[in-house]
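Biologist: I am new to this structure. Please take me through one part of it closely, with the residues named.

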Amino acid sequence: MLASNETKARWLSWGRRGTAGAAIPMALGFDQVTQRFGDVTALSEVSLSIEPGEVVALLGQSGCGKTTLLRLAAGVERPSSGRVLLEGSDVSSPQSFVEPEQRGVGLVFQDYALFPHLSVRENVRFGLRGYDETSAEATALRAIARVGLADLSEAYPHMLSGGEQQRVALARAIAPRPGVLLMDEPFSNLDRRLRDVVRDETAALLKETGATSIIVTHDPEDAMRIADRIVLMRAGRIVQVGTGEQLYRQPNSLFAARFFCDFTEIEGRVLRGAVDTPVGRFPAGDLGEGAQAVVCIRPQAIRLTPKGFCLPGRVVTRRFLGEVDHVLLAVSGFDRPLLARVSLTGSVREGDDVGIDIPTDEVLVFPAGDT
């Protein structure tokens, strides 16, 4: 294992952008796909179309079916029913099944799946069996250099950090220039301080190759930063599809909203088109008169004003987090603290009385029980 400082330096040193080989991207589709494992239904009638060159993130909690969908696309598993389509052609039915190695699909497994007895160079060359000797060697070395591991090409997996092993797996996947690239939780094992660099470099690499890409993740920030579209999944079904901004600003359910933000949630009833709460009155949207509702207040939407302005409150706790402060606010009539993420000066301290301004356009309202 490399020393800690040397490992971090290698993570920050990727190859020159624009040097990855370009692929011919393929359209990928799922048509009413269901997948069962015994009595367990992992996917239920999932339909999704992905355009050539598009980067899509499958987002959801563990067990929601996102990795199963990835494995069906790769051909590692066969669907119980429905069709997997490449360029509009069915590649998954018993009559037309296309083996994984013939699909033009690259797959980066969560556990990397490197061969321990092969060097980095040999691992990357493994997927280039259709190439002649000279072309395979040059292609492998170019992919290794692009991920910044040229000086480790003769090292073996046990000599590398986990993050470096992930980059070898990525190099192996892109070397044959696949039309579709599939990645299962590629950033889950990374140090937080290195995560942004790896994410940005991976995003740049995907754009360079032009491959149609699917990335499985449980982290909404990963999904928003790397994907053109996000597919939010739950219990084997697609909950919502859209850009990161669409899912963040216009979630179609309380479940979707919670995935992208830690709200303060307050229950209430719709009266005359609005929901009255201890912290204010908020428009109820399309909810009917008398309906039970949940009001969701974004922490970063709250603004603090001097005492005597807006809603009166008191600072219970304040924790400095660098760019923002994590603040809990007590409000009369509300039995829980109101969470805010705001930029404060040193003049605001715990125990101070303040005003609380909550813009109504930053508040989401959903039917109660819409989880």
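Biologist: Which residue in β8 is the bridge partner of Leu58?

Modeller: The partner of Leu58 is Val216, in β8. Keep in mind that this is a predicted model. Strand β3 covers residues 55-59 and strand β8 covers residues 212-217. The two pair in the parallel sense, over 5 bridges.

Now widen the view. Both strands belong to an open sheet of 6 strands. The order is β6-β7-β8-β3-β9-β10, and the pairing is mixed. At the edges are β6 (105-108) and β10 (237-242), each pairing on one side only. On average, neighbouring strands are turned by 15° against each other, direction ignored.

Helices pack on this sheet. Helix α2, residues 66-74, touches β3, β6, β7 (180-184), β8 and β9 (229-234). The direction of α2 makes about 150° with that of β7. Helix α6, residues 192-209, touches β3, β7 and β8. For α6, the angle with the direction of β7 is about 160°.

Last, the setting in the chain. UniProt, in an unreviewed entry, places the feature "domain: ABC transporter" at residues 28-260. Over residues 28-260 the chain is 34% helix and 26% strand.

Technical notes:
Residues numbered from 1 in each chain as written. Predicted model: local features only at pLDDT ≥ 70, side-chain atom pairs only at ≥ 80, totals over all residues. Heavy atoms only, no water. UniProt positions renumbered as here; feature names shortened; annotations may be inferred. Helix = DSSP H or I, 4+ residues; strand = E, 2+ residues; numbered from the N terminus. Pairing = 2+ DSSP bridges. Axes fitted to C-alpha atoms, helices over the stretch in contact; angles between N-to-C directions. Contact = heavy atoms within 4.5 Å.
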